[in-house]
Amino acid sequence: EAGSNHNGDVELGKKLIKAAKDAGADAVKFQAFKTEELVAKYAPTAKYMKGATKAKGLFDLLKSLELSESEHRQLYNYAQEIGIPIFWSIFDKKSADFIESLGTEIFKTGSGELTDLPLIKKVAEKQKPFIISTGMGALKEVEDAVKVVRAAGNEKIIVMHCTTGYPCPTFEANLNAMETMKRALGVPVAYSDQTKGIEVGVIAAALGACML
């Protein structure tokens, strides 16, 4: 998970790709978004972000992290060059189409997009493996998202259990939710870890998480 930790610097993004490759990761993931499509102009920053940024609000913060299409292409080409699969979390339809044009073979949506069913449908129709994050989502909302993907004729679904605490206290990880979703949805279930340390990730793997 490289996310937007390139801080808007494509060269730092390349270093993150190299670090993932050197660590033996199966793939590396970034985020693709158009700030204007994602947040209101005067949206405030989240509480956990305060003190970590000089941005006046969430719009300005995200704008500073937004990479151009040319920069995303540089990341894709670099990952191809050193031999590690690369994909993106998609936050809007325009970004979905652009990332598809690069040739990426996997798509993901973040927890905030779980109920954005038009976006879910758009991504599902690309018929690529689709990872859906579920933080703060009710089981019914997860079921609705999976139904939209299946209605598009796409069965290549992974549902990712996660929490939206940054960091997440260990006692709130609720790994039993993986088994609940696996039974209810009949799809592979993964785990997105926001806890400190590696212990919860190890337990999630032992419980059958297909991806971390």
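The following legends describe close-up views of a predicted model.

Residues are numbered from 1 along each chain as its sequence is written, and side-chain values use heavy atoms, with hydrogens and water left out. Because the model is predicted, local features need pLDDT of at least 70 and side-chain atom pairs count only at pLDDT 80 or more, whereas totals for chains, interfaces and linings use all residues.

**View 1. The largest nonpolar core and Trp88.** The largest nonpolar core comprises 47 residues; such a core is a set of buried Ala, Val, Leu, Ile, Met, Phe, Trp, Tyr and Cys residues joined through side-chain atoms within 4.5 Å. Buried denotes under 20% relative accessible area, exposed over 50%, and partly exposed the range in between (1.4 Å probe, protein chains only). Ile17, Ile86 and Trp88 have the most contacts inside this core. Not counting residues up to four places away in sequence, Trp88 touches residues including Phe30, His72, Tyr76, Leu102 and Phe107, a contact being heavy atoms within 4.5 Å. In soluble globular proteins, nonpolar side chains tend to be buried together.

**View 2. The aromatic pair Phe33 and Phe91.** Rings of Phe, Tyr and Trp (its six-membered ring) pair if their centres lie within 6.5 Å; planes under 30 degrees apart are stacked, over 60 edge-to-face and the rest tilted. One aromatic pair is counted by this rule. Phe33 and Phe91 are arranged edge-to-face, at 6.0 Å centre to centre with 85° between the planes. The pair links distant parts of the chain, 58 residues apart: Phe33 lies in the loop between strand 1 (28-32) and helix 2 (35-38), and Phe91 in the loop between strand 2 (86-90) and helix 5 (93-102). Helices (H or I, at least four residues) and strands (E, at least two) are DSSP runs numbered from the N terminus. Both Phe33 and Phe91 are buried.

**View 3. Strands 1 and 2.** Strand 1 and strand 2 pair in the parallel sense over five bridges; pairing requires that DSSP find at least two bridges between two strands. Lys29 has Phe87 of strand 2 as its bridge partner. Four of the five residues of strand 1 are buried, so this strand is largely enclosed by the rest of the structure.

**View 4. Strands 4, 5 and 6.** Strand 5 (residues 157-162) pairs in the parallel sense with strand 6 over four bridges. Met160 stands opposite Ala190 in strand 6, and His161 stands opposite Tyr191. From strand 5, Ile157, Val159 and His161 point one way and Ile158, Met160 and Cys162 the other, and all are buried. Strand 4 (residues 130-133) and strand 5 likewise pair in the parallel sense over four bridges, with Phe130 bridged to Ile157. The chain crosses from strand 4 through helix 7 (residues 139-151) to strand 5 in a right-handed β-α-β crossover; right-handed means that, with the strands pointing away from the viewer, the path from the first strand over the helix to the second runs clockwise.

**View 5. Cysteines without a disulfide.** A disulfide is a pair of cysteine sulfur atoms within 2.5 Å, and zero are counted by this rule. The sulfur of Cys168 lies 9.7 Å from the closest cysteine sulfur, in Cys162, too far for a bond. Cys210 is in no disulfide; the nearest cysteine sulfur, that of Cys162, is 13 Å away. Cys168 is buried, with a relative accessible area of 4%, whereas Cys210 is partly exposed at 44% relative accessibility.
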